[in-house]
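Dear colleague,

Here is the structure I promised to pass on to you. Please look it over first, and then read my notes on what was found in it.

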Amino acid sequence: MSKKVLVLPGDGIGPEIVEQAVRVLDAVNSSFDLGIEHESALVGGSAYDETGSPLPETTLTKAKAADAILLGAVGGPKWDGLDMSVRPEKGLLGLRSNLELFANLRPAILYPQLAEASSLKPEIVAGLDILIVRELTGGIYFGQPRGIRTLENGEREGFNTYVYNESEIRRIARSAFEAARQRNKRVCSIDKSNVLEVTVLWKEIMEEVSKEYPDVELSHMLVDNAAMQLVRAPKQFDVMVTGNMFGDILSDAAAMLTGSIGMLPSASLNAEGRGMYEPCHGSAPDIAGKGVANPLATILSVAMMLRYSLDAKDAADAIEAAVSKVLDQGLRTADIASQGSETVSTSQMGDAVLAALKA
Ligand code: IPM
Ligand code: MG
């Protein structure tokens, strides 16, 4: 039976990096005989320009029918002035919530070849391998009520709601404990329970769920401390589990420990393991169209997609090995190059991964 992948290039550097990732997908599709079919659709600002919506109905229908989705990135200054309801980001958030992709896995792995590219000292980051499990369809991103209202005195007030119910916490807790079982069996849950009730409940449910996983060690950390520990001694962490907004922030910090956010893939999964795969970085409008963006995070997202949603572990391993090999060969896009050294373009990096796959 053939498997369907929906490709959503999106905005900014999205189309350039996705193009390289799709070449890699096509290559393993034929060499491993995976029977994958893919088609593309619009999302984000480019979808808004074409259709007036950042998440057109046709895209959502195709997304629901797909076994997996590969997404580039959305957003850019061109659409900054738009009403919140039609901003490019709403396309991404709409996909996450409509498909119930509540479990966002963001690995931060330091490739030894890139230790020099990290802004931290090599001894602090060498061997780094963290997994951030971010809740993706709840919390303050989606809580109601929200908006900007005018008070009686004429002053305007912006407001959002930070809310989690028990079942939302329980299912992301399970995702984190399950992931930890495949790794070093430690979960650190991140909260702000010294101030926010919602995270008092979060912490309580984490404790409750941890009883189902006696083989996994659970600890707790306040989010401000976690931010500090991430840049002080990041190797203390194995799996970090947290809510939507804290996860957004901490995963950018964790990504940077590895030298470049341009290296990190992510998976967003629903309860059945179907998912959307995307690089952790954004649409980088400042370098869009220049052919200098790093396609490796998107290529590694293809590997995650093959592993988690398409039951093709060997092909995933092959892609990851190929990426490691091109790094060994010294190929660097600008974001991961050490100062003054030679860099390759987006498509040259794609060529190199393809060549490494064939070798
Ligand atoms: C991310 C991004 C998104 C988020 C934006 C683009 C809506 O920063 O995936 O981390 O905040 O979740
Ligand atoms: Mg983010």
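**The surroundings of ligand 1**

In this predicted model, the residues that surround ligand 1 are E89, L92, R96, R106, R134, Y141 and D248. Sorted by class, this shell holds two nonpolar residues and five charged ones, with no polar residue among them. The space that ligand 1 takes up is the second largest pocket.

For Y141, a polar side-chain atom lies 2.5 Å from an oxygen atom of ligand 1, while for R96 the corresponding separation from a ligand oxygen is 2.7 Å, and an N or O atom in the side chain of R134 is 2.8 Å from an oxygen atom of ligand 1. Taken alone, ligand 1 exposes 320 Å², of which the protein buries 76%.

As for where the shell comes from, helix 4, which spans residues 88-98, gives the most to it, with three residues. Within helix 4, the buried residues are P88, G91, L92, L93, G94, L95 and R96, and two of these, L92 and R96, also belong to the shell around ligand 1. Just after helix 4, E100 takes a positive phi of about 50 degrees.

**Contacts elsewhere in the chain**

E208 counts as partly exposed because its relative accessibility is 38%, which falls between the limits of 20% and 50%.

N244, by contrast, is buried, because its relative accessible area of 1% is under the 20% limit. N244 belongs to helix 9, residues 244-257, and a polar atom of its side chain lies 3.0 Å from the backbone oxygen of G138.

A further pairing across the sequence involves P285, which is found in the loop between strand 12 (275-279) and helix 10 (296-308). At 39% relative accessibility, P285 counts as partly exposed.

**Backbone points to check**

Most residues other than glycine have a negative phi, and most peptide bonds are trans. Against that background, I would draw your attention to a few places in the loops.

A cis peptide bond joins Q144 and P145, with omega at about 0 degrees; P145 is placed in the loop between strand 5 (129-135) and strand 6 (147-150).

D33 has a positive phi, near 50 degrees, and is found in the loop that lies between helix 1 (14-31) and strand 2 (36-40). With a relative accessible area of 68%, D33 is exposed, because that value is over 50%. D311 likewise has a positive phi, in this case near 55 degrees, and is found in the loop between helix 10 and helix 11 (313-328). At 72% relative accessibility, D311 counts as exposed.

With kind regards

Notes:
Residues numbered from 1 in each chain as written. Chains lettered and ligands numbered in written order. Predicted model: local features only at pLDDT ≥ 70, side-chain atom pairs only at ≥ 80, totals over all residues. Heavy atoms only, no water. Buried < 20%, exposed > 50% of the residue type's maximum accessible area, 1.4 Å probe, protein only. Near = heavy atom within 4 Å. Polar contact = N/O pair within 3.5 Å; in protein donor to acceptor, adjacent residues only side chain to side chain. Areas by Shrake-Rupley, 256 points an atom, 1.4 Å probe, with all protein chains shown as cover. 1 Å grid on protein atoms, 1.4 Å probe; cavity = no way out; pocket = protein on both sides within 12 Å on 5 of 7 lines; lining within 4 Å. Sits in = over half its atoms within 2 Å of the grid points. Helix = DSSP H or I, 4+ residues; strand = E, 2+ residues; numbered from the N terminus. Nonpolar A, V, L, I, M, F, W, Y, C, P; charged D, E, K, R; others polar.
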